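Let's take a friendly walk through this one. Have the sequence and the 3D view open side by side as you read.

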Amino acid sequence: MDGGASYNPRTVEEVFRDFKGRRAGMIKALTTDVEEFYQQCDPEKENLCLYGFPSEQWEVNLPAEEVPPELPEPALGINFARDGMQEKDWLSLVAVHSDAWLLSVAFYFGSRFGFDKADRKRLFSMINDLPTIFEVVTGTAKKQVKEKSSVSNHSSNKTKSNSKRGSESQGKYSKAMQAKDEDDEGLDEEDEEDHGETLCGACGENYASDEFWICCDICEKWFHGKCVKITPARAEHIKQYKCPSCSNKRARP
């Protein structure tokens with residue numbers, strides 16, 4: 001485990017790219033890979049940390065042995081609290097500490113490579129445009145989008161809901177969340193804007209019209225097909241889609 005120490009981003013854009021990669025890996029651990037993450041955080045083991053890497057991968061491991069470490073270290077002992085609280089609360093706690101670690105790593109690079117006031121402000125602005133890991137894990141980000149658009153885009157929210165119900169015969173995925181084809185050229189602009197504010201429940205990124213998305217019938221969160229490994233062809237044969245998090249909750253006693 002090197003925490004990505006061998007890679008040292010030196011510009012604002014590079015640090016932000018590093019931030020996004022680590023963030024995506026940690027979100028994956030707490031959402032789509034949550035079953036594996038849960039099992040690796042054995043309370044019987046020593047102090048464990050959750051690391052995210054620029055390659056969008058994650059790892060549960062012991063903290064770095066060198067003192068001081070090459071990079072700031074994540075919160076220690078996340079495994080000790082696993083069985084002492086409800087799973088959703090534990091995941092939320094890990095998410096909060098993960099957000100704090102990501103910021104510390106980003107501004108460590110900024111300090112190390114001499115970012116000035118304008119660079120630091122630009123970096124924070126870029127980071128702040130993304131929902132936090134906590135917001136993604138708890139669904140707060142999606143709620144905020146709903147509240148923001150409930151007044152101005154009420155009709156388009158209704159269209160989105162109807163779109164889901166109308167596609168039940170085709171695997172409960174919405175054609176409005178697929179790339180436009182010739183038949184979709186007349187799609188209403190308000191509906192497109194509403195989808196544009198939708199965030200993926202796995203990676204936290206925004207909707208893009210050229211990507212396939214699918215909605216969980218349990219928690220009603222939307223996901224990139226690639227994030228949950230569902231293709232349009234496979235979705236056509238799914239009567240009721242359950243995302244990895246909902247499937248794991250049902251499977252675990």
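## A strand covered on both sides

Start with strand β1, residues 49-52, in this predicted model. Cys49 and Tyr51 sit on one side of the strand, Leu50 and Gly52 sit on the other, and all of them are buried. In other words, both faces of β1 are covered.

## The hairpin

Now bring in β2. The strands β1 and β2 run antiparallel, with 4 bridges joining them. If you look across from Gly52, you'll find Trp58 of β2 standing opposite. The hairpin has 5 residues between its strands, and Glu56 takes a positive phi near 70°.

## Rings meeting rings

The structure holds 5 aromatic pairs, and one of them is Phe37 with Trp58, an edge-to-face pair with 6.0 Å centre to centre and 80° between the planes. This pair links distant parts of the chain: Phe37 belongs to helix α2 (residues 34-40) and Trp58 to strand β2 (residues 58-61), 21 residues apart. Both Phe37 and Trp58 are buried.

Zoom out a bit and you get one aromatic cluster, made of Phe37, Tyr38, Trp58 and Trp90.

The mean pLDDT of the protein chain is 80, and 73% of the residues reach 70 or more. Over residues 1-5, though, pLDDT stays under 50, and the model has 18 contacts beyond four places in sequence for them. Residues 179-184 are also below 50, with 8 contacts beyond near neighbours in sequence.

Notes: Residues numbered from 1 in each chain as written. Predicted model: local features only at pLDDT ≥ 70, side-chain atom pairs only at ≥ 80, totals over all residues. Heavy atoms only, no water. Phe/Tyr/Trp six-rings, centres within 6.5 Å; stacked < 30°, edge-to-face > 60°. Helix = DSSP H or I, 4+ residues; strand = E, 2+ residues; numbered from the N terminus. Buried < 20%, exposed > 50% of the residue type's maximum accessible area, 1.4 Å probe, protein only. pLDDT = per-residue confidence, 0-100. Contact = heavy atoms within 4.5 Å. Pairing = 2+ DSSP bridges.
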